[in-house]
Amino acid sequence: MRLIASLLLAASLPVGVLANASSAPDATALYQAQCQSCHGLNRLGGTGPALLPESLGRIKPEEVRNVIHDGRPASQMAAYGELLGSDEIDALVGYLYRPAEVAPTWSEADVRASHRILADVSQLPDSPQHGADPLNLFVVVEAGNHHVRILDGDRFEELANFPSHFALHGGPKFSPDGRFVYFASRDGWVSKYDLHNLTMIAEVRAGLNTRNLAVSSDGRWVMVGNYLPGNLVVLDAEDLSLVKPIEALGNDGTPSRVSAVYTAPQRDSFVVALKDVKEVWELSWAGTPDFVPRRILAADYLDDFSFTPDYRYLLATSRQAKGGQVIDLDTGEALTDIPLPGMPHLGSGIYWQQDGRWVFATPNISQGLISVLDLATWELVTEIPTEGPGFFMRSHENSKYAWTDVFFGPNNDAIHLIDKQTLKVAHTLRPVPGKNAAHVEFTQDGRYLLLSVWDTDGALLVIDSETLEEIKRIPMNKPSGKYNVGNKIGFAEGTSH
Ligand code: DHE
């Protein structure tokens with residue numbers, strides 16, 4: 001409705017409001033007339049997403065142009081191609097990629113004002129109302145149209161399908177009993193959804209540009225990591241009300257963006273990666289927490305973490321060292337550097353037992369290889385060549401393969417199955433030739449797995465993990481991550497944490 005109102009408003013504006021004397025379109029006036037009612041004052045977002053350069057960094061200007069011209073299907077974004085000339089659309093696109101005239105801010109009061117309770121949990125049944133096994137549900141993020149689908153992991157049938165906030169990123173996280181799932185959008189919105197009742201419970205905008213969230217394993221706290229503003233935000237996991245914002249300032253006062261926040265269950269703490277200062281933070285949630293960070297000072301900027309199964313050691317990408325560095329979280333000491341030359345995507349790394357020892361494997365974003373490390377000695381065991389750089393890796397303790405995608409380059413339709421004992425590629429599948437195949441997740445028993453055909457005209461494939469045969473195809477628009485409740489709450493071997 002508001003979009004239609006803004007269209008009518010624009011249509012009735014006097015000539016000259018949308019173009020200046022030299023007849024170059026006035027992008028600021030265009031924004032105010034056409035976009036502001038949905039996308040907010042100063043481009044901070046409203047019913048539509050924020051349109052700041054920080055928010056659009058991952059979207060090509062051509063795509064933004066197309067969305068303005070044609071609208072976005074299955075959303076409130078209308079098509080402006082009939083109303084605006086091509087020079088006006090170009091001016092708008094240029095404007096959206098320019099820094100905001102007013103520096104964007106998001107205060108404690110803004111967080112509180114955005115908080116909404118959408119359902120009263122005390123009035124809802126506390127047992128599953130859908131008839132499916134609550135620990136074998138899948139939460140599937142359909143990135144192409146900003147939706148979430150909930151699937152029964154035994155019958156692979158859909159239980160719910162609902163719109164999400166714009167651009168969910170990072171894995172959704174679960175309450176310890178698996179009843180609730182928490183989502184973070186790149187736009188700063190955090191939502192809590194009840195998987196027993198298939199109902200949204202609460203939401204809050206914790207920042208303007210968010211990286212991810214983590215949930216404490218006692219189920220009490222949600223910690224959100226933001227680029228904009230550079231801070232952590234502690235929320236009450238019960239209703240997402242604000243508990244405490246924590247400014248990300250280095251030891252010497254240097255402001256930083258937060259790269260990501262992780263849950264370390266055995267340590268009763270959150271571990272935080274900081275983008276602009278050489279520190280790792282640990283914040284304990286034990287007892288009555290004050291959420292004052294313990295600072296581990298590092299010799300380098302450390303980003304994108306993975307952990308040993310006991311969460312004693314942290315594996316981080318490091319810009320200066322050989323690509324990777326291990327930190328002992330007990331002592332705070334840097335233990336060793338690890339040769340990881342291909343920009344590892346450690347968040348997707350997984351571990352398993354090979355030949356009586358624990359190994360850790362990670363894909364690399366800039367080179368087509370999987371790095372395999374010995375978790376006891378931190379020696380590089382091998383590098384497994386792939387058909388191109390990958391993003392995600394998954395396995396299950398009942399599967400003999402580690403599945404990894406080729407996310408980038410001409411072979412991005414390939415999926416490699418690495419034999420977990422020989423550490424060699426045992427099979428290469430091309431589920432839909434010519435279309436990007438990426439990101440898998442197993443059922444709780446490891447018998448089947450879901451695989452994304454990451455394409456506008458894409459699908460979720462259900463594959464038998466033994467025979468490798470496709471047993472079902474569910475059409476979807478760019479399905480990205482998918483998450484099995486039981487695997488996630490059990491911190492299962494082979495899945496992301
Ligand atoms: Fe992600 C997880 C960082 C780009 C899809 N991504 C993560 C995590 C981090 C991270 C630190 C782990 C946090 C968590 O799960 O809570 N991602 C980054 C980046 O720094 C990078 C390279 C650039 C950026 O601007 O953010 C990046 N990520 C992407 C994408 O382009 C992807 C493919 C599409 C998208 O949605 O933006 C993407 N990232 C994902 C997904 C996960 C993820 C689906 C969860 C994986 C899982 O299985 O748990």
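Trainee: In which order do the 4 strands of the open sheet stand?

Mentor: In general, strands of a sheet pair through backbone hydrogen bonds, either parallel or antiparallel. Here the order is 4-3-2-33, with antiparallel pairing. Strands are DSSP runs (E, at least two residues), numbered from the N terminus, and two of them pair if DSSP finds at least two bridges between them. This is a predicted model, in which local features need pLDDT of at least 70, side-chain atom pairs count only at pLDDT 80 or more, and totals for chains, interfaces and linings use all residues. Residues are numbered from 1 along each chain as its sequence is written, and side-chain values use heavy atoms, without hydrogens and water.

Trainee: Which strands stand at the edges?

Mentor: Strand 4 (158–163) and strand 33 (479–484) do; each has a single partner strand, so one side of each is left without a neighbour in the sheet. Strand 2 (residues 137–142) and strand 3 (residues 147–152) pair over 6 bridges in the antiparallel sense, and Phe138 stands opposite Leu151 in strand 3.

Trainee: Which protein donor does the iron atom of the ligand have?

Mentor: Donors are N, O and S atoms within 2.8 Å of the metal (3.2 Å for Na, K and Ca); water is not among the atoms, so sites may look incomplete. The only protein donor of the iron atom is His169 (NE2), at 2.2 Å. His169 lies in the loop between strand 4 and strand 5 (173–174).

Trainee: How many residues surround the ligand?

Mentor: There are 20, each with a heavy atom within 4 Å of the ligand. Among the closest are Arg58 and Ser496.
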